[in-house]
Amino acid sequence: MAWVLSMDEVIESGLVHDFDSSLSGIGQELGAGAYSMSDVLALPIFKQEDSSLSLEAEAKHPPFQYVMCAATSPAVKLHDETLTYLNQGQSYEIRMLDNRKMGDVPEISGKLVKSIIRVVFHDRRLQYTEHQQLEGWKWNRPGDRLLDLDIPMSVGIIDTRTNPSQLNAVEFLWDPAKRTSAFIQVHCISTEFTPRKHGGEKGVPFRIQVDTFKQNENGEYTDHLHSASCQIKVFKPKGADRKQKNDREKMEKRTAHEKEKYQPSYDTTILTECSPWPDTPTAYVNNSPSPAPTFTSSQQSTCSVPDSNSSSPNHQGDGVAQASGEQIQPSATTQETQQWLLKNRFSSYTRLFSNFSGADLLKLTKEDLVQICGAADGIRLYNSLKSRSVRPRLTIYVCQEQPSSAVPQGQPQAAGSGGEGGAGTPCVYHAIYLEEMVASEVARKLASVFNIPFHQINQVYRQGPTGIHILVSDQMVQNFQDESCFLFSTVKAENNDGIHIILK
C-alpha cells in the first residue's frame, strides 16, 4: 500500500513538472523580440516613405552655411527666430562653410564665388523707408559706414569692395574649398532709428544677410546660389554683454515649466535660408510689381543719393518753385502721379508709389502716409495732396506807377492814396507774399511779378518825408504793416548799371 502511494506521488510530481515546462513557453512568440520596431520599420511600405523623405531633404540641402560667432539670446520663445546681441564697432566672425555634398554644384569646383553681406532692417515698416532712414543716418554721421569688414582679422577673402552709395553692404570673393572667415563691424545702433530715444532694449532689430553668387557665361558674378540671414540688435560698446547677462538672469528666475517655452542660448548663430535681397543681380528676380518677399526693402530706389531737390531736414527750396506745385487730380494716371511726386520733391518715393494712380494716392490717410514715409515726409506729402499752402509771414500790395502818374519830387503821394492814375486808369495792385522777412525777398518777388530781371535790380528804396530815398533793409521789412499798399517806380542806376526800385 505504501509503495502504491509513493508511485502516485512520483507520477503527480512528474505531471506538474511537465505542465510547468509547457507553460514556460507561452507568450514568447508575442514578446518584444518577435516584433521589434526595427522589423516593423523594415517593411516595404515604410522603406518607400523613408526614401521619399530622404530625397526631399537632399533636394533642400543648401550649398553653403554661414555661422556667426556670437551667442543667441536665451529670452526667445520656441518656434520664434533667434535673436543675437552685438556691440557697436566690435568685430564678429562669420564663418563661410562649404556645405555641398559630393557632386553638388560642380560648376563652382575650383572657382571663386562672390558674397555680399548686408545689415538691413527687420521691421517691414522701416524697410519701406530704408533709403530715407539711411540717408538721415548718413546726414548725421558724415563719413561713417553702417557696416565694415575687419580685413586684417578676416581669412580667405579676396578683392573686398565697398560702394560709397551703399553704406550698409560689403562684398568679396572667396574659395569654398578653403577656410574662409569674414569679420564684420556694425557701426549703427538700434536706438538710432527709433522715433523716441529709449534704451538699447527698445531699439529696432536689424538683419545680417549674406547673398552668394557664381559667375555667369560672361564671367560676371550674377547667378544666385544661396542666401541666409539672422536677426540682431546692436548696442553701444559693452551693452550687448549686459543685455545677454540680464536675459540669462531673468530666465534663471523662471520656473522649469516656463523655461520649456523658451529656446536655449547657443554659442553661435546659424544664419537661416531666406529670399535673396531684391536688388541683387539675380537672373530670376524681375522688376514687375509683386508682393515683397521675405525681408525685402525699397532699396532699389532709382535715386541712391538725393539731389538738391530731395527732401532733407535742412533743405529749403525756392519759394517760387514751391508755389508752382499744383494739386494732383483723382483722374491722374500712374505716369502723371510719378511726375507729380518728382515735381513736388518726393523723388525718393517714386518707386514705392510706382503703381499708384492719383485716386490711389488721395485715398491714403495721414496716418498711412506717416507710417510709410515717416513723420516729416509723411506730413509734408499729406499737406501737398490736400493743397495746404504755407501762410505767408507778410502780405503787401504793390502797383507799378505809370509815367503819367509820376509825382514831382518833394510832393510824395501817400502809399495807397487814390485808386487811379493821372489819366483815370485804375491802378491794378498785385499781392506779394513774403515767406522771409528780408529785403532780398522783396526784390525777388517784385522781379517775379513784374517781369523785371532780378540781376538788374541794384537797390530797393522807400520814399520818405520830403521825397528822400531810404534804403530798404531787413529791419525795415520786418516793420512793414501787414497788407500795406505801395506804388513803385524804377530809375536807372548810376552809369546805367541796372535799376533802382522806389516804393512810395
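**Exercise 1. Locate R345 in this predicted model and decide whether R345 is buried or exposed.**

Solution. Next, look at the backbone, where the phi of R345 is near 65°, a positive value in a residue other than glycine. That is worth a second look, because most residues other than glycine have a negative phi. Finally, check the cover: R345 has a relative accessible area of 19%. The cut-off for buried is under 20%, so R345 counts as buried.

**Exercise 2. Now turn to K238: what is its phi, and is K238 buried or exposed?**

Solution. First find the residue, which lies in the loop between β10 (221-235) and α6 (239-253). K238 is not a glycine, yet its phi is positive, at about 75°. Then take the accessibility, which is 56% for K238. Exposed means over 50%, so K238 counts as exposed.

**Exercise 3. Explain why the salt bridge of E192 and R141 ties together parts that are apart in sequence.**

Solution. Confirm the contact first: the side chains of E192 and R141 meet in a salt bridge of 3.2 Å, N to O. Then place each partner. E192 is in the loop between β8 (180-186) and β9 (206-215), while R141 is in the loop between α5 (130-140) and β5 (147-149), so the bridge joins parts that are 51 residues apart in sequence. Now widen the view: R141, D144 and E192 are linked in a network of salt bridges. As for cover, E192 is partly exposed, with a relative accessible area of 25%.

**Exercise 4. Which helix holds both K243 and D247, and which holds K445 and E441?**

Solution. K243 and D247 form a salt bridge, with the closest N and O atoms 3.4 Å apart. Both lie in helix α6, four residues apart, or about one turn of the helix. K243 is buried at 13% relative accessibility, and D247 is buried at 3%.

For K445 and E441, the closest N and O atoms of the salt bridge are 3.3 Å apart. These residues belong to helix α13 (residues 439-449); because they are four residues apart there, about one helical turn separates them. K445 and E441 are both buried.

**Exercise 5. How far apart are L78 and Y262 in sequence and in space?**

Solution. Along the chain, 184 residues separate L78 and Y262, but C-alpha to C-alpha they are 5.0 Å apart. L78 belongs to the loop between β1 (64-68) and β2 (83-87) and is partly exposed, at 37% relative accessible area.

Key
Residues numbered from 1 in each chain as written. Predicted model: local features only at pLDDT ≥ 70, side-chain atom pairs only at ≥ 80, totals over all residues. Heavy atoms only, no water. Helix = DSSP H or I, 4+ residues; strand = E, 2+ residues; numbered from the N terminus. Buried < 20%, exposed > 50% of the residue type's maximum accessible area, 1.4 Å probe, protein only. Salt bridge = Lys/Arg side-chain N within 4 Å of Asp/Glu carboxyl O.
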